[in-house]
Amino acid sequence: MTLPHISFLGIGLMGAPMVSRLLAAGFPMTIWNRSRDKAQPFQDRARVADSPADAVADADVIITMLENGSVVDQVLYHSGAIAGLRQGALVVDMSSVEPGTARRHAARVEEQGGQYLDAPVSGGTRGAEAGTLSIMVGGADEAFVQAADIFHPMGKVTHIGPVGSGQLAKLANQAIVGITIGAVSEALLLAAKGGARPDKVREALMGGFAGSKILEQHGERMLQRNFEPGAPARIQLKDLRMILDEARAQGLSLPLTQRVFEEYRALLASGHGEVDHSGLLLELERLNGVRLVEPAADKDS
């Protein structure tokens, strides 16, 4: 069976390992990135396109993994690249965009004679590298079946419902992630300030109802003070803003999400937009004038 030719647009923190997984699975690929140097490591295994229009032309499947809906708009639609979509081609947007934006993009793709899926992911760079992403898909059954073999190398896929449903699931995911990062930050700082060893508190909590991937992975980041971005705080803030916008459109009030949004906004105002989203701890430390743990160098001095 001939594998479909995939064009992948967006070779960033998440896109690069996802491309690696697809190439390892044998898919022929064309790739594009605004900064061409990020695509260069793959030039021996994939064709590097000169433009989005060049990437779209003759592709069976176009995957976008870009920062937000505005960037997807510019790269694929405002640029006119979508006009080169061939009949029957499948567009899969794995970026995190507003549900309404996904529906609008789907209509444009259908006008061009193509099919569309919104398929945002959760699992961070670790999940992208390991091929264990949670992929949340919105779109028609036929398009979902067509894409199943493409999703498989990247992780576990769930068909949520019609177009836009994948993005709604991602918003739900990001609400839980953002709020839980805040809860883990507060819980560990509370325990440490009272004299408990935060590493042992985390160890104990991992075995109970409070156990979670956030406590496991981001709790470890907090203890190690490793805030190199897997998912930058500015992206978490963007997702929280989308959640609140969608809630307002639905007539809902989400007070926990609102509060965590304000904390992330303060984190960015302090100059920490590029730290990992677990770096919300830094804002809590600034607010209280204490540290969860001292850096090793300070302990040795």
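The following legends describe close-up views of a predicted model.

In this predicted model, local features need pLDDT of at least 70 and side-chain atom pairs count only at pLDDT 80 or more, whereas totals for chains, interfaces and linings use all residues. Residues are numbered from 1 along each chain as its sequence is written, and side-chain values use heavy atoms, with hydrogens and water left out.

View 1. Helices (H or I, at least four residues) and strands (E, at least two) are DSSP runs, numbered from the N terminus. Buried means under 20% relative accessible area, exposed over 50%, and partly exposed in between (1.4 Å probe, protein chains only). An α-helix has 3.6 residues a turn, so residues three or four places apart point the same way.

**View 2. The contact of helix H7 (residues 165-193) with H9.** The two helices pack at an angle of about 55 degrees, and their axes are 10 Å apart. Axes are lines fitted to C-alpha atoms, for helices over the stretch in contact, and angles run from 0 to 180 degrees between N-to-C directions. H7 and H9 are therefore oblique to each other (angles under 35 degrees count as roughly parallel, over 145 as roughly antiparallel, 65 to 115 as roughly perpendicular and the rest as oblique). From H7, Val177, Thr180, Ile181, Val184, Ser185 and Leu188 meet Ile214, Leu215, His218, Gly219 and Met222 of H9, where contact means heavy atoms within 4.5 Å.

**View 3. Aspartate 239 in helix H10.** Aspartate 239 has a relative accessible area of 2% and is buried. Not counting residues up to four places away in sequence, aspartate 239 touches Ser96, Leu171 and Gln174. Its C-alpha atom and that of serine 270, 31 residues apart along the chain, are separated by 19 Å.

**View 4. Positive phi at aspartate 58 and arginine 225.** Most residues other than glycine have a negative phi. Phi of aspartate 58 is near 70 degrees; this residue lies in the loop between helix H2 (52-56) and strand S4 (61-64). Aspartate 58 counts as exposed, at 65% relative accessibility. Arginine 225, with phi near 55 degrees, lies in the loop between helix H9 (213-224) and helix H10 (233-249).
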